[in-house]
Amino acid sequence: MIQRKTNESCSCSSGKRKNNKERPYKGIRMRKWGKWVAEIREPNKRSRIWLGSYSTPVAAARAYDTAMFYLRGPSARFNFPELLAVDGPLDEMSASVIREKAIEVGVRVDAERSYVSGSQVESCWLQEKPDLNKNPEPEDPDGEFR
């Protein structure tokens, strides 16, 4: 009788196991500089659909879920099945349409998360910029420059 190795003792094809910190959700990965990216394989093809890069893993995972829904339907395994919101019919769609819908969801989630968390990165149009045509005001109350 032949015994098969269990998943715990089996080594992955790359020779190392990924832990949950590196990939907390299916279909995403983290770039060296900290951005989270999502992509998905097209069914019965070797090509992938690029779903964008995001500042949070949740946004990347939601983009992946959206693409997974349009590619494989409601019975697919999602990262957030309870948050799946679909607009429009579930017809055959091109890769570019699926990409657009997924990116739309990911960007919206990223924006909501950065707004809620009070992100330290301020939008450039919200920052007060100095007028470079004016002479600088003195810092000393006597009117002298330091």
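Trainee: What makes E112 count as partly exposed, rather than buried or exposed?

Mentor: In this predicted model, E112 has a relative accessible area of 41%, and because buried means under 20% and exposed over 50%, a value in between is called partly exposed.

Trainee: How do you know that R108 forms a salt bridge with E112?

Mentor: The closest N and O atoms of R108 and E112 are 3.9 Å apart, and since the criterion asks for a side-chain nitrogen of Lys or Arg within 4 Å of a carboxyl oxygen of Asp or Glu, the pair qualifies as a salt bridge. Both residues lie in helix 2 (residues 95-117), four residues apart, which is about one turn of the helix, and R108 is itself partly exposed, with a relative accessible area of 40%.

Trainee: Why is R62 called buried?

Mentor: The relative accessibility of R62 is 14%, and buried means under 20%, so R62 counts as buried. R62 has its place in helix 1 (residues 57-72), and, leaving aside its neighbours within four places in sequence, R62 is in contact with F80, L83, V105, R108 and V109.

Trainee: Why is the pair of F69 and Y70 called edge-to-face?

Mentor: The structure holds three aromatic pairs. In the pair of F69 and Y70 the ring centres are 5.6 Å apart and the planes stand at 85°; since centres within 6.5 Å make a pair and planes over 60 degrees apart count as edge-to-face, that name applies to F69 and Y70.

Trainee: What makes the pair of F69 and F78 tilted?

Mentor: The ring centres of F69 and F78 are 6.4 Å apart, and their planes are at 35°; because planes under 30 degrees apart would count as stacked and those over 60 as edge-to-face, the pair is tilted. Both F69 and F78 are buried, and F69, Y70 and F78 form one aromatic cluster.

Trainee: How do you know that R29 forms a salt bridge with E39, and which parts does the pair tie together?

Mentor: The closest N and O atoms of R29 and E39 are 2.7 Å apart, and because the cut-off is 4 Å, the pair is a salt bridge. R29 lies in strand 1 (residues 28-30) and E39 in strand 2 (residues 36-41), so the pair ties together parts that are ten residues apart in sequence. R29, E39 and R48 are linked in a network of salt bridges.

Conventions
Residues are numbered from 1 along each chain as its sequence is written. This is a predicted model: local features need pLDDT of at least 70, side-chain atom pairs count only at pLDDT 80 or more; totals for chains, interfaces and linings use all residues. Side-chain values use heavy atoms; hydrogens and water are left out. Helices (H or I, at least four residues) and strands (E, at least two) are DSSP runs, numbered from the N terminus. Buried means under 20% relative accessible area, exposed over 50%, partly exposed in between (1.4 Å probe, protein chains only). Contact means heavy atoms within 4.5 Å. Rings of Phe, Tyr and Trp (its six-membered ring) pair if their centres lie within 6.5 Å; planes under 30 degrees apart count as stacked, over 60 as edge-to-face and the rest as tilted.
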